[in-house]
Amino acid sequence: MTLNPAPSVDVQAREALRAAAIKGLDNLETGGTAKRGGFEPRQFAAKVWAGLWPKALAVAIVLGVWQLVAISGWKSLVLKGPGPVLSDLWQLAQHGQIWSAIGITMQRALYGYIIALLIGTAIGIVVARIAPLRVAIGSIISALQTMPSIAWFPFAIILFGQTDAAIVFVMALGAAPSIANGLITGIDYTPPLLLRAGKTMGLRGVDRYRFLILPASLPAYVSGLREGWAFAWRSLMAGELLVIILGQVSVGQLLNTFQSNLDFTGATAMIIVVLIIGVCVDAVFSKADLTIRKRRGLLENES
């Protein structure tokens, strides 16, 4: 009876070389450095500081210029410096009404943006896929994108009255064309090599869009989503200034009230709130865009 021989030295050497080669390829894809396990406070703090200091510098410059204008005495009867405005903003926050207003505004923003997202995505897919339809309505989509949202409100108020539906209607009209154009652009710029590879692999119909074209168009689509949010947010603020709904105190309605009372500090405080919300939402889109670019190798990996 003979025993099975142990693996030869040559086989073990080949396996070791193969493992080393795979590890080298992995290191090449990750920039040559492996991520360390565990939480590193210093590295985390450095990343947070790298992201915060440019914004903090921009805020400091704005506050400094604002203070200089206030000191100069220009429009001294109404123009106040950052100190009184920030104090008024703090008092509004303590009062609690501002949080309720932000809640109502963000509820409308989310509702209107989701509707615009669904409509814009559906239109983008259909128009990109059907050539005659693109010729027929492609220019209309671009024209709707350039249409000022404020011009739609008389039409919306006639249709829906002084209701949330009027605001959401204008938000959808403002945001959906940008989302559709972003998706159409992404589909148009899908590399032909990918399309040929998908055809070789047997991707047809819905699977071709689901697994190939839509993932390839994701960067442009996210850009369209970001632009669509900007249009939706501007439409929402214009709507809340024009469409006054009793019993629903929103950010725009508070801004309108302060403007009617010639209250500079209160109006400026609400403008700051609008800017903060816009910056926070834009940071979400920026993070999504950065993640997509990193995963696709368009940015150098961080060490």
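**Exercise 1. H4 against H12**

H4 and H12 cross in a right-handed sense. The model is predicted. Task: which orientation class do H4 and H12 fall into, and which residues make the contact?

Solution. 

1. Locate the helices. H4 covers residues 97-129, and H12 covers residues 264-295.
2. Take the geometry. The two axes come within 12 Å and cross at roughly 45 degrees.
3. Classify. Under 35 degrees would count as roughly parallel, and 65 to 115 as roughly perpendicular. H4 and H12 are therefore oblique to each other.
4. List the contact. H4 supplies Ile98, Ile102, Met106 and Tyr113. H12 supplies Met270, Val273, Ile277 and Phe285.
5. The H4 and H12 contact has eight nonpolar residues, no polar and no charged.

**Exercise 2. H8 against H9**

Task: at what angle do H8 and H9 pack, and how do the residues of their contact divide into nonpolar, polar and charged?

Solution. 

1. Locate the helices. H8 covers residues 192-200, and H9 covers residues 205-216.
2. Take the geometry. H8 and H9 pack at about 165 degrees, with axes 11 Å apart.
3. Classify. The cut-off for roughly antiparallel is over 145 degrees, so H8 is roughly antiparallel to H9.
4. Assign the hand. The crossing of H8 and H9 is right-handed.
5. List the contact. From H8 come Leu194, Leu195 and Gly198. From H9 come Arg208, Leu212, Ile213 and Ala216.
6. The H8 and H9 contact has five nonpolar residues, one polar and one charged. Gly counts as polar and Arg as charged.

Technical notes. Residues numbered from 1 in each chain as written. Predicted model: local features only at pLDDT ≥ 70, side-chain atom pairs only at ≥ 80, totals over all residues. Heavy atoms only, no water. Axes fitted to C-alpha atoms, helices over the stretch in contact; angles between N-to-C directions. Helix = DSSP H or I, 4+ residues; strand = E, 2+ residues; numbered from the N terminus. Left-handed = near helix turned anticlockwise from the far one by under 90°. Contact = heavy atoms within 4.5 Å.
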